[in-house]
Amino acid sequence: MSGELQPVILGADIGVYALARSFHEQYGVTSVVVAGAALGPVQHSRIVRHEIVADGHDPQQLVDRLLEVARSMPDRRLLLMANSDWLVRVVVQHREELEKFYAVPFLSQELLDQISDKATFAEICERLGISVPRTIVQDFATGAPDVAVDLEFPVIAKAASSADYQDVEFAGKKKVFEIATPGELAWLWGALRGAGFQGRFVVQELVPGDDTQMRSITAYVDSHGEITLLCSAHVLLEEHTPSGLGNPAAMITDRDDAMLEQARTFLSSTGYRGFANFDVKVDPRSGQFRFFEVNPRIGRNNYYVTAAGANPTRFVVEDVVEGRSVPPVVADREVLYAVVPHRLLLRYVRDPQLAARVRRLVKTKAVAHPLSYPGDLSPRRRLYILMALVNQVRKFRKYYPEVTSTGF
């Protein structure tokens, strides 16, 4: 490929802005963002150019616009990124036509189908000796009766495939359900059937421990199968709103080689390609790492990797755009990544040692907020960031004045 690098990103959330920021920091380029609206995180940005489609939930409209964008820039080296599961699926399903114009750094359709399904993911991990919560599967496509759940309540229930669950609507819908009784589980099954859901749901044992038991791993596997980037973080606080349940709101980058080795095993054994983002929890009963899922993308909170000293855009660009091998990196710079006010965070971090780490990192200014980019701080951007922080305080007051984690 020749010409100037041009990132094109599907979506408009905070993770998309973080990617655009990382591209701008590394290469000084403006990213094209294709979405149904210029949402707050990417709105009024100087490092983003918007391509708005009439219906951002229509895969064909998105693909058609991607092709239009590509044809309008024949002299650019186009790199296509997406940062939600269903958008990754759109790209992978249309890979043949998109690859005529774009570098498309995603895994195969076959592997995507396997690892995006939480039930199949659990089976793969068990085969590889990677610990996962005990998992029971309810299939709604077969018309079979309710599966017997012989787990101790409360349990966790969630869609096996988030893509199958994306457009299902019913009162009380959540990303993840904490189910206290068999009666609540029966209600959920009824609500899903009533909404016409045809996919699978998994019921998993609840791994005890608060948010600080959670970990995040981000990896990049190049086009030759080499794991060139690994970075991990110790979660301090998660979101608990119905739509954002389990998304990290604050983390400290923290290298844990024993955990990273298990991620290596998974990636190498499955023939993975591209970015991966693992959700892991340390089981306080045994100290084991319990792997919950792998997202086939870089992740909503990807800026923690850049903050830790390994800008992930460099790894994908040098691999699929420039065709060069990159020496493997395990990022280990200690940084506090947070989308909540630090004072609010300290209210919920009850472990004295973790709280001391937070205070030290704040004092030494080893902190990162993905939206707070000095190279893109117009007055309207500053106001949006301030209001986003205020909104976080409001959400905590409303949804979780006392935060406990159930291992989502």
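**Terms and their grounds**

Mentor: Arg49, Glu51, Arg65 and Glu68 are joined in a network of salt bridges. The model is predicted, so local features need pLDDT of at least 70 and side-chain atom pairs count only at pLDDT 80 or more, whereas totals for chains, interfaces and linings use all residues. Residues are numbered from 1 along each chain as its sequence is written, and side-chain values use heavy atoms, with hydrogens and water left out.

Trainee: What makes the contact between aspartate 254 and arginine 357 a salt bridge?
Mentor: The term requires a side-chain nitrogen of Lys or Arg within 4 Å of a carboxyl oxygen of Asp or Glu. The closest N and O atoms of aspartate 254 and arginine 357 are 3.8 Å apart, and the pair therefore qualifies. This pair links distant parts of the chain, 103 residues apart: aspartate 254 is in the loop between strand S12 (248-253) and helix H9 (257-270), and arginine 357 is in helix H13 (residues 352-363). Helices (H or I, at least four residues) and strands (E, at least two) are DSSP runs, numbered from the N terminus.

Trainee: How many salt bridges does a search of the whole structure find?
Mentor: The search finds 27.

Trainee: Why is aspartate 254 called partly exposed?
Mentor: Buried means under 20% relative accessible area, exposed over 50%, and partly exposed in between (1.4 Å probe, protein chains only). Aspartate 254 has 28% relative accessibility, and therefore counts as partly exposed.

Trainee: Is glutamate 318, which pairs with arginine 314, buried or exposed?
Mentor: Glutamate 318 is at 11% relative accessibility and so counts as buried. Arginine 314, at 24%, counts as partly exposed. The two side chains meet in a salt bridge at 3.7 Å, N to O. They are 4 residues apart in helix H11 (residues 312-321), which means a separation of about one helical turn.

Trainee: Where do arginine 264 and glutamate 261 lie?
Mentor: Both lie in helix H9, 3 residues apart, about one turn of the helix.

Trainee: Why are helix H1 and H11 called roughly perpendicular?
Mentor: Angles under 35 degrees count as roughly parallel, over 145 as roughly antiparallel, 65 to 115 as roughly perpendicular and the rest as oblique. The axes of helix H1 (residues 14-27) and H11 cross at roughly 70 degrees and come within 8 Å; the two helices are therefore roughly perpendicular to each other. Axes are lines fitted to C-alpha atoms, for helices over the stretch in contact, and angles run from 0 to 180 degrees between N-to-C directions.

Trainee: Which residues of H1 and H11 meet?
Mentor: Leu19, Ser22, Phe23, Gln26 and Tyr27 in H1 meet Thr313, Arg314, Val317 and Glu318 in H11, where contact means heavy atoms within 4.5 Å.

Trainee: What makes S6 and S8 edge strands?
Mentor: Two strands pair if DSSP finds at least two bridges between them. The open sheet has 4 strands in the order S6-S9-S7-S8, with antiparallel pairing. Strand S6 (135-139) and strand S8 (177-179) each pair on one side only, and are the edge strands. Between S6 and strand S9 (residues 200-205) there are 5 bridges, and the pair therefore meets the criterion.
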